[in-house]
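Keep the structure open while you read.

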Amino acid sequence: MSKIRSNKATITRRWLINNIGVIGIFLIMLLIAASGFINLYYSNSATQYITSRMSTISGLLQQYYTDDPAVFSSEVRSIVQEWSDKNLSELMTIRSDGTVSMTSSGFMPDKQLLAQDYYDAVSGGTTGFFRGKLPDGERIIAVSLVTPDTTGEYNVIRIVSSLDKVYRRINSYILIASLMCLSVLMLVFFSGMYFVKSIVIPVNQISATAGRYAKGDLSVRIPVKSDDEIGELCSIINKMADELSQSEAVKNEFISSVSHELRTPLTAIKGWAETIGAMPDDSETVSKGMRVINSETERLSQMVEDLLDFSRMQNGKFTLNKINVDILAELSDAVLIYQEKARQEGIELVYAEPSSLPIVYGDRNRLRQVFINVIDNALKYTERGGLVTVQTSLTPDDRIEIDVTDNGCGISSEDLPKIKTKFFRANHIKRGSGIGLAVADEIMTLHDGSLDVFSEQGVGTSVIISLPIVNASKALQK
Ligand SMILES: Nc1ncnc2c1ncn2[C@@H]1O[C@H](COP(=O)(O)OP(=O)(O)OP(=O)(O)O)[C@@H](O)[C@H]1O
Ligand SMILES: [Mg+2]
């Protein structure tokens with residue numbers, strides 16, 4: 001049981017590693033790449049925006065710098081006051097002493113904002129650019145430009161934009177993307193778990209049921225809940241259990257019928273032996289008893305032979321002693337054996353004996369055994385007053401066909417396909433072990449022949465035995 005549970009865990013674990021693991025890693029990589037890309041995109045566009053705005057201002061200042069200083073100052077003021085992107089950035093002017101003289105928002109900054117861009121611009125570069133953190137940790141992007149102002153009031157014009165807002169927006173995008181990835185992962189996980197469970201639970205059930213079969217309990221069946229591969233597997237296992245219990249039942253019945261078959265002649269033998277022992281001088285009783293003992297012993301040994309044949313057949317040790325056989329003699333012998341029995345039972349046994357039959361290459365005794373088994377069945381399953389005919393014919397494809405037909409009880413179409421199966425008996429009224437036809441069929445197969453049964457319940461049965469004949473040249477060689 002512990003092994004079964006660990007198997008279940010393995011399938012689930014394997015699925016988790018293979019699917020969720022791979023999808024999870026892929027989503028994390030996607031997230032990292034996307035956040036890197038968003039970051040780059042926003043900081044690039046902020047840089048682009050601020051530098052393009054500054055180049056517009058620089059163009060304007062180029063136009064104004066020849067004007068009168070007072071006019072120039074008012075023009076600079078109007079640029080700052082009319083700054084349209086107030087919520088994105090701030091435009092300011094800085095005096096030559098480094099203090100702020102004017103801002104687009106109208107408020108003076110409450111902290112020191114000067115950074116590397118300003119110092120680069122005033123120390124001779126005319127322009128400077130800065131992207132980074134101020135001492136208080138705020139991230140900014142700034143660009144400074146030295147103006148041609150002569151009053152010292154508007155020495156530098158500067159655009160400053162806080163990146164904190166941008167980073168906050170980037171972080172919220174990343175958070176949304178992460179939540180989306182997480183929900184995709186959850187969706188895959190739950191739908192996958194549902195799928196895995198739909199396999200693992202029935203597999204577990206199958207294992208538990210198979211375990212009970214292994215212990216010999218064939219009464220349980222697995223409920224078939226789906227018509228997919230798992231459902232098919234359940235139906236096949238159920239069918240297997242049906243077959244196993246059926247063959248178990250057939251075997252048990254075989255044992256009881258064989259025991260019964262063995263007991264009946266033994267009882268007769270024992271009874272007659274006791275009778276003879278009690279009346280050894282009654283010659284009539286002695287001779288009758290001896291006759292019965294003889295025939296019952298014969299029957300017993302025949303049964304034991306049949307069982308031995310059958311077990312040899314099962315072990316693959318059933319071998320034939322093949323020679324050229326006069327098949328007509330063997331068939332006539334078999335019919336002759338049953339003539340007397342047929343008369344006693346009031347059944348007409350008609351034998352259309354042909355003048356000759358070709359030679360057959362095979363085992364004499366085994367072929368005779370086949371005829372005996374088939375004629376025995378015909379008489380056994382035919383009532384008093386019935387008719388059994390034995391006919392022979394030659395087919396165009398060089399085969400001999402022997403047809404044993406009776407007008408007895410017949411076999412139902414349901415039982416007919418199983419008739420040659422070992423231990424199978426369709427008729428439980430008559431005595432038998434159910435191996436006669438199985439052995440006969442095996443013998444015919446070993447002779448490249450066939451044994452076919454045609455029957456209709458209540459009408460009668462025909463058994464057709466077909467054997468290949470040996471042609472003249474072959475017959476001489478053998
Ligand atoms: N001629 C027949 N007419 C009706 N039923 C037949 C005939 N031949 C065979 N059967 C059916 O086929 C079953 C199998 O035959 P088979 O010869 O193998 O076994 P059996 O006659 O019962 O036992 P055994 O021959 O081993 O003593 C029989 O039990 C019987 O029901
Ligand atoms: Mg039989």
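## Cores, sheets and a ligand

The largest nonpolar core has 35 residues, and those with the most contacts inside it are Ile-327, Val-370, Val-374, Ile-375, Ala-440 and Ile-465. A nonpolar core here is a set of buried Ala, Val, Leu, Ile, Met, Phe, Trp, Tyr and Cys residues joined through C-beta atoms within 7 Å. A residue is buried if 20 or more other C-beta atoms lie within 10 Å of its own, exposed if 12 or fewer, and partly exposed in between, with C-beta atoms placed from the backbone.

This is a predicted model: local features need pLDDT of at least 70, side-chain atom pairs count only at pLDDT 80 or more, and totals for chains, interfaces and linings use all residues. Residues are numbered from 1 along each chain as its sequence is written, while chains are lettered from A and ligands numbered from 1 in the order in which they are written.

Two or more residues of the 35-residue core come from each of α7 (327-344), α8 (364-380), β9 (387-395), β10 (399-406), α9 (436-446) and β12 (460-468). Helices (H or I, at least four residues) and strands (E, at least two) are DSSP runs, numbered from the N terminus. Ile-375 touches Ala-334, Val-335, Tyr-338, Val-390 and Val-404, leaving out residues up to four places away in sequence; contact means C-beta atoms, placed from the backbone, within 7 Å. Apart from this core lies another, of 23 residues, with Ile-50, Val-80, Ala-115 and Val-160 among them.

Now for the sheets. One open sheet has five strands in the order β7-β9-β10-β12-β11, with mixed pairing. Two strands pair if DSSP finds at least two bridges between them. β7 and β11 (450-456) stand at the edges with a single partner strand each, so one side of each has no neighbour in the sheet. The twist averages 15° from one strand to the next. Here are some of its pairs:

| Strand pair | Sense | Bridges |
|---|---|---|
| β7 (348-351) and β9 | parallel | four bridges |
| β9 and β10 | antiparallel | eight bridges |
| β11 and β12 | antiparallel | seven bridges |

In the hairpin of β9 and β10, three residues sit between the strands, and Asp-398 takes a positive phi near 60°. Helix α8 lies across β9, β10 and β12, at about 25° to β10; angles run from 0 to 180 degrees between N-to-C directions, with axes fitted to C-alpha atoms, for helices over the stretch in contact.

Ala-378 belongs to α8 and counts as buried because it has 27 C-beta neighbours inside 10 Å. Beyond four places in sequence, Ala-378 contacts Val-388, Val-404, Asp-406 and Gly-408.

The other open sheet runs β2-β1-β5-β4-β3, with antiparallel pairing. Its edges are β2 (100-103) and β3 (127-133), each with a single partner strand, so one side of each is left without a neighbour in the sheet. Helix α2 (69-81) lies across β1, β2 and β5 (156-162), running at about 155° to β1.

What about ligand 1? Of the 22 residues around it, Arg-425, Ala-426, Gly-432, Gly-436 and Leu-437 come nearest, where being near means a C-beta atom, placed from the backbone, within 6 Å. α8 and α9 are the elements that give two or more residues to this shell. The shell divides into ten nonpolar, ten polar and two charged residues; Ala, Val, Leu, Ile, Met, Phe, Trp, Tyr, Cys and Pro count as nonpolar, Asp, Glu, Lys and Arg as charged, and the others, Gly among them, as polar.

Notes. Contact = placed C-beta atoms within 7 Å.
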